[in-house]
Amino acid sequence: MGTGASKAQSAQKENVVDNEEKATVIQNCSASTLPDNTSIRQQIVQSNPEDEEISEDIEQMVTITQKVPKPQQTRAEISLETEDVSVTFESFQHQSGALYTCFTQNGVRMYFDDEKGIVPFPQELYNQGKFLDPYDESGSIHDDIRQDSNENPSHLENNRTNSICIPGKGMVMTYIFEERINVCKYYDNDSDAWLILPLLWEMNLDFILHRVQQVKEALPAITDFKEILAALRLCNYDPDEVISTFFAMFGDSLQSNINGQQNFEPIALQREISKKDKKIEVLNKKLQESESELETLRLKCKYFEEEKRHLIQQAESLYEKVAELQNEQAKYLHEISEIKCKNTQITDKLQNYSPLNKGLLIKMLRDAHELSISNNKLRVLATSGLSEIGLSMEHVRSMTMSLRSSTKEIEEIRSLYQRETMERKLLYNQLQELRGNIRVFCRCRLDDKKGEHLEFLSDEDIAVNCNSSKKRFRYDQVFLPQCTQEDVFEGTLPIIRSCVDGYNVCILAYGQTGSGKTYTMMGTEQKPGVNIRSIRELLHICHERERVKYVIRISMLEIYNEGVWDLLSHDGNKQLEIRSHGKVVTLPGLTEMEVLNEEDIKRIMSFGEKNRTVASTKMNTESSRSHLIVIFTLNGVDTISGIASSSTLTLCDLAGSERISKTEAIGQRLVEAAAINKSLTALGQVFTALKTNSLHVPYRNSKLTHLLQPSLSGQAKACVFVNISPDVKDLGETLSSLQFGSSIQQIALGKPNPQSSNIKLGH
Ligand SMILES: Nc1ncnc2c1ncn2[C@@H]1O[C@H](COP(=O)(O)OP(=O)(O)OP(=O)(O)O)[C@@H](O)[C@H]1O
């Protein structure tokens, strides 16, 4: 790997945010910026069958450019030399602000579509923007396509100048301008302006090809030239910048490929995962929108149901009234007709009928008439009420229909979402397998003093705001201050289980003093930490596997001032020597105690803790100035097959990681701080060597790394907790811890392999 790669590594740390943004842009424009040759050909032939010959030429050119011409190839070999082809480039400004490069070939206007490649310019786009006339109304060249009207080609004679043959235009001059996007332009004599040179033609420039080749050589894992070219454009044709951006995107996957392993699977998986993530995001959004639409419909439906009930009640009471009135009317009519009949009879008989009765009759007739009018009014009212009810019913029916279809749509989206999420999970697991087995978690201490400087962006991302810049870090998981001990243990559960399958497992807590390492590892009586929960889980799994007989032993050690001390020895604190034979590390004389249940473990650990306190008091130091290591050895024998397995679970509460300069230590404290610094630096060096697949991993640079060698080599699974304080006064230490953690995040221990090298204790 050349200088580009080493530059890339340091840039990777410094420019996490910048590179991530660029990476997103590169990913967005990659693979779609240049079309695939078959699709170009199809599209051109479809749009204009007579142009098959031209399309063949283009196809040939794309094929050649995709294969990357060897340096001795001349430009003539890869240019489009068909005489009868006339190409005119145009710029189309979409109302969204996007600028499309179009060109016209034999009367057909084509453009570079981000997804489909070269396609005929869609009819519907004509109304959504305008073609930029190289000359605006005032006669001057349009700003969006003009590079610099003062820049005459004759002034631009340097190594950024080139020339290229564009069919129909002949040789044109190209120039790489000093700006970020679309920097390669060609000089168009007809319009006297610098116009954008499409990527397809840009591939013909030696200047560009040389840089593409440089990136390709440094990163053989990136095989797509279109992607490299698009990235180069974004990075001002600086191959080093492109390399570091790709590092930010693919990290250790590129690293392992550089080291000769021709396995590009992780990159493809990462791409797949990021595609899936995007899809999931879209589906998620759609699901949310549909759900909120459904909620609105549900509310509307509820409202109309209420309305319907109300109207039905009204109609019922109206019907009752109408019926009552109709009865009354009928009664009156009956009475009237009776009276009328009697009246006629009486009139016939009595010529001089009393004027009083006549008046009564007239009054009754008038009453009957009024009753008939009010009856009609009621009838009209009842009819309109009924038609209103009919309308409401219609409304409710249509609402129910759309509710039903929305529910169906939501169900479909939900099942699609679940499928995508499942697929993502599968891909993620595959990626984890390929990456090796080191998980890095970040946990923030619970504190009222949480400042604005920490931003928890997602389950995996945390950002620190300092000096008006934002540094972003990605972990396997970020635990918020309010996360419980149960939540935190969930993350480590899978690797604890693999200890029973014969893997060496190591859990480390890293962070400054007071950041919550001991709380995470040991916890309290009521809220036990990872230590107790892990061993509980181990005991539980061992108990479940009836066929295998397990023997579990515990040892407890302390590393203080580069000395290893046995905390379980009964004859006071005993110093131990680390010996190694090949990959096997031994600690002759180390006390190991067999444990059968949780009570045994608690009792033994509290004995060890007491020994630690006595020792630290004797030495006038604080226990947080040493590394505490608890090792569980698990030996299993399958009672049926007789197969034996052996593994270790190493739990490590590291000493505070604060820098010596901060502690202002002198005398004994300075010696302590220097020892801690040495061992944590050695830990960092081990991780760096693992990251670069170095032939030599400096495990022996400190007692800590020497002891942890079997748990940090290719045959182990590890889990690192980076504990941070939310207090703004700890900002510096928080940043340095997060940086340490994120550098481990990119390490692959290698594919784990059960039952290999081990810590052999007490021999
Ligand atoms: N997530 C948390 N929730 C509640 N209390 C916490 C949490 N993390 C830490 N604490 C409390 O913060 C204090 C400091 O934590 P702890 O002793 O675990 O830090 P440490 O990093 O181990 O420090 P040292 O290096 O001195 O051992 C303790 O009182 C602990 O109970």
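1. Helix α20 (residues 731-745) lies across β12 and β13, running at about 145° to β12. Helices here are DSSP runs of H or I with at least four residues, strands are runs of E with at least two, and both are numbered from the N terminus. Angles run from 0 to 180 degrees between N-to-C directions, with axes as lines fitted to C-alpha atoms, for helices over the stretch in contact.

2. On the basis of the model: this is a predicted model, in which local features need pLDDT of at least 70 and side-chain atom pairs count only at pLDDT 80 or more, while totals for chains, interfaces and linings use all residues. Residues are numbered from 1 along each chain as its sequence is written.

3. β12 and β13 belong to an open sheet of three strands with the order β11-β12-β13 and antiparallel pairing. Two strands count as paired if DSSP finds at least two bridges between them. The edge strands, each pairing on one side only, are β11 (454-456) and β13 (469-474). On average, neighbouring strands of this sheet are turned by 20° against each other, direction ignored. Between strand β12 (residues 461-466) and β13 there are six bridges, and the two run antiparallel. Alanine 463 has arginine 472 of β13 opposite.

4. A second open sheet has four strands in the order β6-β7-β8-β9, again with antiparallel pairing. Its edge strands are β6 (161-166) and β9 (193-196), and each pairs on one side only.

5. Tyrosine 175 stands opposite lysine 185 of β8. β8 is also joined to β9 by four bridges, and this pair runs antiparallel. Aspartate 188 has alanine 193 in β9 as its bridge partner. β8 and β9 form a hairpin with four residues between them, and aspartate 192 in the turn has a positive phi of about 55°.

6. Strand β16 has several pairings. β16 (residues 548-560) pairs with strand β22 (residues 627-638) in the antiparallel sense over 12 bridges, and serine 555 stands opposite isoleucine 631 of β22. With strand β21 (residues 593-595), β16 pairs in the antiparallel sense over three bridges; isoleucine 552 stands opposite valine 595 there. Four bridges join β16 to strand β17 (residues 563-566), and these run antiparallel. Leucine 557 is placed opposite aspartate 566 in β17. The hairpin of β16 and β17 has two residues between the strands, and asparagine 561 takes a positive phi near 45° in it.

7. Helix α13 (residues 485-500) and helix α15 (residues 530-544) have axes that come within 10 Å and cross at roughly 45°. That makes α13 oblique to α15, on a scale where angles under 35 degrees count as roughly parallel, over 145 as roughly antiparallel, 65 to 115 as roughly perpendicular and the rest as oblique. α13 passes α15 in a right-handed crossing, the term used if the near helix is turned clockwise from the far one by less than a right angle, with anticlockwise for left-handed. Among the contact residues are Val488, Phe489 and Thr492 of α13 and Val530, Arg533 and Ser534 of α15. Contact requires C-beta atoms, placed from the backbone, within 7 Å. By class, this contact has 10 nonpolar, two polar and three charged residues. Ala, Val, Leu, Ile, Met, Phe, Trp, Tyr, Cys and Pro count as nonpolar, Asp, Glu, Lys and Arg as charged, and the others, Gly among them, as polar.

8. The axes of helix α7 (residues 206-218) and helix α8 (residues 225-234) also come within 10 Å, crossing at roughly 110°. That makes α7 roughly perpendicular to α8. The crossing of α7 past α8 is right-handed. The contact is made by Ile208, Arg211, Val212, Val215 and Lys216 of α7 with Phe225, Ile228, Leu229 and Leu232 of α8. Its classes are seven nonpolar, no polar and two charged residues.

9. On the ligand: of the 13 residues around the ligand, Leu446, Gly516, Thr518, Tyr519 and Ser624 come nearest. A residue is near a molecule if its C-beta atom, placed from the backbone, lies within 6 Å of it. Helix α14 (residues 517-521) supplies the largest share of the shell, three residues. The shell divides into two nonpolar, nine polar and two charged residues.

Conventions
Contact = placed C-beta atoms within 7 Å.
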